[in-house]
Amino acid sequence: MRRGLLALTIAVVGPLLGCAAGGDDAAPTTAPSASVSATSSTEARPSATPSSDPAGAPRLSPSQLRRELLRMARQDQGLPTKGPATTDLQRQQRLAEILDQVGWPTYDLVGKDGGDAAWLIAQHADLDPDLQKRALRLLRAAVADGQASEGNLAYLEDRVAAAEHRPQRYGTQIDCTQDGAVPRGGLLLPGRVDQLRRRAGLEPLADYLDTMSSVCSQ
């Protein structure tokens, strides 16, 4: 596990992958909650779907795309899959092709587990910050349409902010210190962080940091 910026969350990644022992396309028993509106932004809202289909990339059916996303997410976590192994860079390149083809993989297209898998790949696309920011814009639009998880959006918002050395809105990306887990770069709105986390379906920050401090000590 990365000791600087912890990349995973027990609450979100665990349900996505830990229940998929039945195969690459096994669905999780639970998924992150996303029942409220997207985080406000001054950016112009992009469409969650592309205006054109790029040439050269394989075009899959929704069920094929879901299975591919789930397989890549399991490989991201080092779990066994039936398909060929892929590297971080290959998964990021493939996600970029998928975003070109379909925009953000929505609930209607690939189901909640497929959307969570796409988020996991984007969340860990640290080798390509531009891809992370592009995914963030598309994910934000999908959340606004009720087609993606606001919890996932919170994690990716924070991931991009932490990578750019900006304070986080939700405090999801942490450093392990001698005093336990602390949000990297501080908080943008400390007095409102639990309200924002609650809107995103996340537990109170203190509880989250307690959990992550236990992870840090392992």
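Modeller: The lining of the largest cavity divides by class into two nonpolar, two polar and three charged residues. Bear in mind that the model is predicted.

Biologist: Which residues line the largest cavity?
Modeller: Rolling a probe the size of a water molecule over the atoms shows where empty space is left. The structure holds one cavity of 30 Å³ or more, and the largest cavity has a volume of about 30 Å³. Its lining is made of Asp 76, Asp 88, Arg 91, Gln 92, Ile 121, His 124 and Ala 125.

Biologist: Which helix gives the most to that lining?
Modeller: Asp 88, Arg 91 and Gln 92 are among the lining residues, and helix H3 covers residues 88-102. With three residues, the helix that gives the most is H3.

Biologist: How are H2 and H3 oriented to each other?
Modeller: Two packed helices are described by the angle between their axes and the distance between the axes. For helix H2 (residues 62-76) and H3, the axes lie 11 Å apart and the angle is about 155°. Angles over 145 degrees count as roughly antiparallel. H2 and H3 are therefore roughly antiparallel.

Biologist: How many charged residues are in the contact of H2 with H3?
Modeller: H2 passes H3 in a left-handed crossing. On the H2 side the contact has Leu 65, Glu 68, Leu 69, Met 72, Gln 75 and Asp 76, and on the H3 side Arg 91, Arg 94, Ile 98 and Val 102. By class these are five nonpolar, one polar and, as asked, four charged.

Biologist: What is the orientation of H3 and H4?
Modeller: Helix H4 spans residues 107-123, and its axis comes within 10 Å of that of H3, crossing at roughly 135°. An angle over 145 degrees would count as roughly antiparallel, and 65 to 115 as roughly perpendicular. H3 and H4 are therefore oblique.

Biologist: Which residues of H5 make the contact with H3?
Modeller: H3 and helix H5 (residues 129-144) pack at an angle of about 35°, with axes 11 Å apart. H3 passes H5 in a left-handed crossing. From H3 the contact takes Gln 92, Leu 95, Ala 96, Leu 99 and Asp 100, and from H5 it takes Leu 131, Arg 134, Ala 135 and Leu 138.

Methods
Residues numbered from 1 in each chain as written. Predicted model: local features only at pLDDT ≥ 70, side-chain atom pairs only at ≥ 80, totals over all residues. Heavy atoms only, no water. Axes fitted to C-alpha atoms, helices over the stretch in contact; angles between N-to-C directions. Helix = DSSP H or I, 4+ residues; strand = E, 2+ residues; numbered from the N terminus. Left-handed = near helix turned anticlockwise from the far one by under 90°. Contact = heavy atoms within 4.5 Å. Parallel < 35°, antiparallel > 145°, perpendicular 65-115°, else oblique. Nonpolar A, V, L, I, M, F, W, Y, C, P; charged D, E, K, R; others polar. 1 Å grid on protein atoms, 1.4 Å probe; cavity = no way out; pocket = protein on both sides within 12 Å on 5 of 7 lines; lining within 4 Å. Points joined across faces, edges and corners; volume = space filled by probe spheres on them.
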